[in-house]
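Hi everyone, thanks for coming. I'd like to walk you through one structure today, so please have a look at it while I talk.

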Amino acid sequence: MTQPDTRTRPWHGIMVATALPLRDDLSVDYDAYAEHVARLVADGCDGVVPNGSLGEYQTLDDDERDRVVRVAVEAAGDGARVMPGVSAYGSAEARRWAERAADAGCGSVLLLPPNAYRADDATVRAHYAEVARAGLPVVAYNNPHDTKVDLTPSLLARMHGDGHVVAVKEFSGDVRRAYELAELAPGLDLLVGADDVLLELALAGAVGWIAGYPNALPGACAALYRAATAHDLDLALPLYRVLHPLLRWDSRTEFVQAIKLSMDIAGRPGGPTRPPRSPLTGEQAAAVRAATEKALAEGLD
């Protein structure tokens, strides 16, 4: 059963960066994806983020990428629960994806900065301004490790002041930034971007979590998020300690493969990944399996 949506903004709460189920021939299993989205919402997650890195958007053709969003909207039962990734090499293309998201009825979009080269601040601001023209609220995605473009608190404050971003998915891992952001741009919403700093950023005032591991363990992750944002450390800390060996995979290069393996173990539609992502090594797979099975054995699912 779909849980009632009590959020005040479409980008608040647990927004799961959905993994995309693939068949053995690497075609998209849209039926399995629809079931996955519906089950996540029923299990206490607030919405989904299709076409992110975890959804392997870089390997999708235009028709696949478009259909994934529409399937997510239908399965979630409410477009406000869907925040598609609209990142692209060009600003015009990213804006077109944002316009398609608006046409599909989505509530917001997630956008990386230009990532084909080290863009300067003026270029980054122009990029977000262009995509904001689509009319949907834009959540900035700061991942300087992979994009080599750092959305610093001062830059984000300017972008928020421009009226072009409403929130930031903070993936730098530097939890100190939460406090600087609150000082420079108190109206900009902070969203947890890396699973393994969930508790730290929740205590620092995050109002949402663009999450990876709820794909595999939504109930446990939802309980952890609710406890963390309520500052209930008696409940949050034990959960965090058990889940952290898995949550750390979200910050590693092999995060897609690890999360999909955990999904398979937990009875959810994981499956293979498309090239150039290769399977986990035996040692990596054993570590993921052991941590997942331990969590399941303790009743965390």
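Let me start with a question: which element gives the largest share of the lining of the second largest pocket? It is α11, with four residues. Before I go on, please keep in mind that what you see is a predicted model.

Let's stay with that pocket for a moment. The second largest pocket holds about 200 Å³ of space. Its lining has 13 residues, and those nearest its centre are Gln 257, Gly 271, Pro 272, Pro 279 and Leu 280. By class, the lining of the second largest pocket has five nonpolar, five polar and three charged residues.

Now look at α11 itself. Helix α11 covers residues 255-265 and packs against helix α12, residues 282-297, at an angle of about 45 degrees, with the axes 9 Å apart. The two helices are therefore oblique to each other. The crossing of α11 past α12 is right-handed. On the α11 side, the contact residues are Ala 258, Leu 261, Ser 262 and Ile 265. On the α12 side, they are Ala 285, Val 288, Arg 289, Thr 292, Glu 293 and Leu 296. Taken together, the residues of this contact between α11 and α12 are six nonpolar, two polar and two charged.

In the loop between α11 and α12 you will find Pro 276. The peptide bond that joins Pro 275 and Pro 276 is cis, with omega about 15 degrees. For those of you new to this, most peptide bonds are trans.

There is another backbone detail to point at. Asn 51 sits in the loop between β2 and α2. Asn 51 is not a glycine, yet it has a positive phi of about 60 degrees. As background, most residues other than glycine have a negative phi.

How many cavities of 30 Å³ or more does a search of the whole structure find? The search finds two. The largest cavity has a volume of about 80 Å³. Asn 51 is one of the residues that line the largest cavity, and others include Arg 65, Asp 66, Trp 97 and Arg 100. In terms of class, the lining of the largest cavity has six nonpolar, two polar and four charged residues.

The second largest cavity has a volume of about 60 Å³. Asn 51 lines this second largest cavity too, along with residues including Ser 53, Tyr 57, Leu 112 and Tyr 141. Here the lining has four nonpolar and five polar residues, and no charged ones.

Now for the largest pocket. About 830 Å³ of space lies in the largest pocket. Of the 39 residues that line it, Ser 53, Tyr 57, Gln 58, Leu 112 and Asn 115 are the closest to its centre. Which elements each supply at least two residues of the lining of the largest pocket? They are α2, α3, α5 and β7. Among these, α5 gives the most to the lining, with three residues. The lining of the largest pocket divides into 15 nonpolar, 14 polar and ten charged residues.

Helix α9, residues 218-229, and helix α10, residues 233-247, have axes that come within 9 Å and cross at roughly 130 degrees. That makes α9 oblique to α10. Is the crossing of α9 and α10 left-handed or right-handed? It is left-handed. From α9, the contact uses Ala 220, Ala 223, Leu 224, Ala 227 and Ala 228, and among its partners in α10 are Leu 235, Leu 239 and Tyr 240. By class, this contact of α9 with α10 has eleven nonpolar residues, no polar and no charged ones.

The other pair is helix α6, residues 153-162, and helix α7, residues 177-184. Their axes come within 9 Å and cross at roughly 35 degrees. α6 passes α7 in a right-handed crossing. Pro 153, Ser 154, Leu 156 and Ala 157 of α6 make this contact with Arg 177, Glu 180, Leu 181 and Leu 184 of α7. The classes in this contact of α6 with α7 are five nonpolar, one polar and two charged.

How values were computed. Residues numbered from 1 in each chain as written. Predicted model: local features only at pLDDT ≥ 70, side-chain atom pairs only at ≥ 80, totals over all residues. Heavy atoms only, no water. Axes fitted to C-alpha atoms, helices over the stretch in contact; angles between N-to-C directions. Parallel < 35°, antiparallel > 145°, perpendicular 65-115°, else oblique. Left-handed = near helix turned anticlockwise from the far one by under 90°. Contact = heavy atoms within 4.5 Å. Nonpolar A, V, L, I, M, F, W, Y, C, P; charged D, E, K, R; others polar. 1 Å grid on protein atoms, 1.4 Å probe; cavity = no way out; pocket = protein on both sides within 12 Å on 5 of 7 lines; lining within 4 Å. Points joined across faces, edges and corners; volume = space filled by probe spheres on them.
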